[in-house]
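Dear colleague,

Please find below the structure I promised to hand over, together with its sequence.

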Amino acid sequence: MKRVAVVGAQWGDEGKGKVVNYFAKDFEWIVRFAGGANAGHTIYVGDKKYVNHLLPCILPDGPGRGFLGAGMVVDLEQLVTEVEVLAKDFPGVGAKFAVDPEVFLVLPWHKQQDQLLEAMRADPIGTTGRGIGPAYTDKASREGIKLCHLFDEKMLMERLENSWVIKQNLYRDQLSMPPAELAEALMRQRDRLLELGVQVTGAVDMAHVFRSTSVLFEGAQGVLLDLDFGTYPFVTSGSCMAHGVSSVGFSTFELDDVAGVLKAYTTRVGEGPFPSEDDSDEAQGIRERGKEYGATTGRPRRVRWPDLPALRYAAIRSGLTSFVITKADVLNGLKTVRVCTGYRIDGVVRDVPSTSHDFFVAEPVYEELPGWRTTDDVNFLKYMTFIEQQVNVPITYISYGPRTDEMETKSRLIMNI
Ligand code: IMP
């Protein structure tokens, strides 16, 4: 049975939604395993655009189904809205989704805490404000609320009351929505979700299904935003790597492929180190051509040249076995493409940073490659070969536009050149 994980190989926003949506026709289940509504995965059905923040990028009009795994943190209100939006165009689509009762909930408190903490930080992280950090913090500190708690009202109230007392001590009167009001809202959202046909079923009960069919695991954000190995503290709070599939009961050894999605250049939204820094007009022009504005927050993304040390690090950390390159067309027409091939750290040029701290002190070392007119140009092929040889991971697919069908295999592209 085919099992593939698709993860971001950079700082997120590589186009994972489109890539997952393209592969979706070959898989029975698409499974999100981490993150929350901080993600913004854009898909097209025909010419119509949808941005999924929580929902896995299934084909809404296809036979496949989507699962929200226990590593996620789920804002129920947002989930209901997303299903409602899709259900308007695809009646009954809710029944194509199941969510693990072990997921932790993002509560309104978490979103308020997210804003308050950012305001208190001397060096703000530039979070999406979706309550992700506080929700994962509550999970780790054992104050979290799981979806399964909504099916035991007594326990839900007890847990909310306990958590509220702690939060009141920490935040005084800065948080709104006391437990009774919140419990009522959560129960309403739970009922609406069930009314829309979404099933609440855990990975334990789904194990026999997942193990007897094809599964595509849809990662969120990118390896360099991973809580453990990204550019800490300028990271998200969930797992962005393939090993996150463990929250759905799988081991990475069971994966046939860990596909890293790689944008032909580099972007990052939010604060934190970004070594392939270059503020030339050319680099900034890429932002406009690539429409580099966040799908979740609308913030302009920081745009830089391709960064091979960062890719090597991501490939090692997340065990990437292939690359899918996206947005190659955005670089069309440049005379030369500057590629960061090394990081100078303490005076020594290195191929790959050893630690997440190295990203903070690295100075980029560049090589220039000839640009290309279109992605059918031989120079684009040379660019891809350069990346493959330098990072030691093969590029298998190329995405050359936002629509789902604007993608082809590398071998097909070579035949056209
Ligand atoms: P948080 O996940 O909202 O806490 O944000 C932490 C950092 O991760 C910030 O720099 C965000 O901009 C970044 N981030 C979170 N989700 C995404 C994403 O889906 N794409 C790109 N950056 C993200």
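How many residue pairs are in polar contact across the interface of domain 2 and domain 3? The rule finds two such pairs, both at pLDDT 80 or more. Please bear in mind throughout that this is a predicted model.

The domain assignment divides the protein into three parts: domain 1 (3-103 + 196-254), domain 2 (105-193) and domain 3 (262-416). Between the C-alpha centres of domain 2 and domain 3 there is a distance of 37 Å. Six residues from domain 2 and five residues from domain 3 take part in the contact.

The area that domain 2 and domain 3 bury between them is about 380 Å², with 49% of it on carbon and sulfur atoms. On the side of domain 2, the greatest losses of area to domain 3 fall on Gly 126, Thr 128 and Arg 130, which together account for 69% of what that side buries. While two residue pairs are in polar contact here, the count of salt bridges between domain 2 and domain 3 is zero. As to composition, the residues of domain 2 that touch domain 3 comprise two nonpolar, three polar and one charged.

Sheet and strand pairing

An open sheet of 10 strands with mixed pairing runs in the order E9-E7-E5-E2-E10-E1-E11-E14-E18-E19. Its edges are strand E9 (199-200) and strand E19 (407-409); each has a single partner strand, so one side of each is left without a neighbour in the sheet. Ala 5, for instance, has Phe 217 in E10 as its bridge partner.

An antiparallel pair is given by strand E3 (residues 41-45) and strand E4 (residues 48-52), which are also joined by five bridges. Here Thr 42 has Val 51 in E4 as its bridge partner. E3 and E4 make a hairpin with two residues between them, and Gly 46 in the turn has a positive phi of about 60°.

Salt bridges

The count of salt bridges comes to 21. One of them joins the side chains of Asp 13 and Arg 301, at 3.2 Å from N to O. This pair links distant parts of the chain, 288 residues apart: Asp 13 belongs to the loop between E1 and helix H1 (16-23), whereas Arg 301 belongs to the loop between helix H8 (281-289) and strand E13 (302-304).

Yours sincerely

Note on methods:
Residues are numbered from 1 along each chain as its sequence is written. This is a predicted model: local features need pLDDT of at least 70, side-chain atom pairs count only at pLDDT 80 or more; totals for chains, interfaces and linings use all residues. Side-chain values use heavy atoms; hydrogens and water are left out. Domain bounds come from an automatic or database domain assignment. Contact means heavy atoms within 4.5 Å. Buried area is the accessible area (1.4 Å probe) that two parts lose on being put together, summed over both. A salt bridge is a side-chain nitrogen of Lys or Arg within 4 Å of a carboxyl oxygen of Asp or Glu. A polar contact is a pair of N or O atoms within 3.5 Å; within protein, one must be able to donate a hydrogen and the other to accept it, and residues adjacent in sequence count only if both atoms are side-chain atoms. Ala, Val, Leu, Ile, Met, Phe, Trp, Tyr, Cys and Pro count as nonpolar, Asp, Glu, Lys and Arg as charged, and the others, Gly among them, as polar. Two strands pair if DSSP finds at least two bridges between them. Helices (H or I, at least four residues) and strands (E, at least two) are DSSP runs, numbered from the N terminus.
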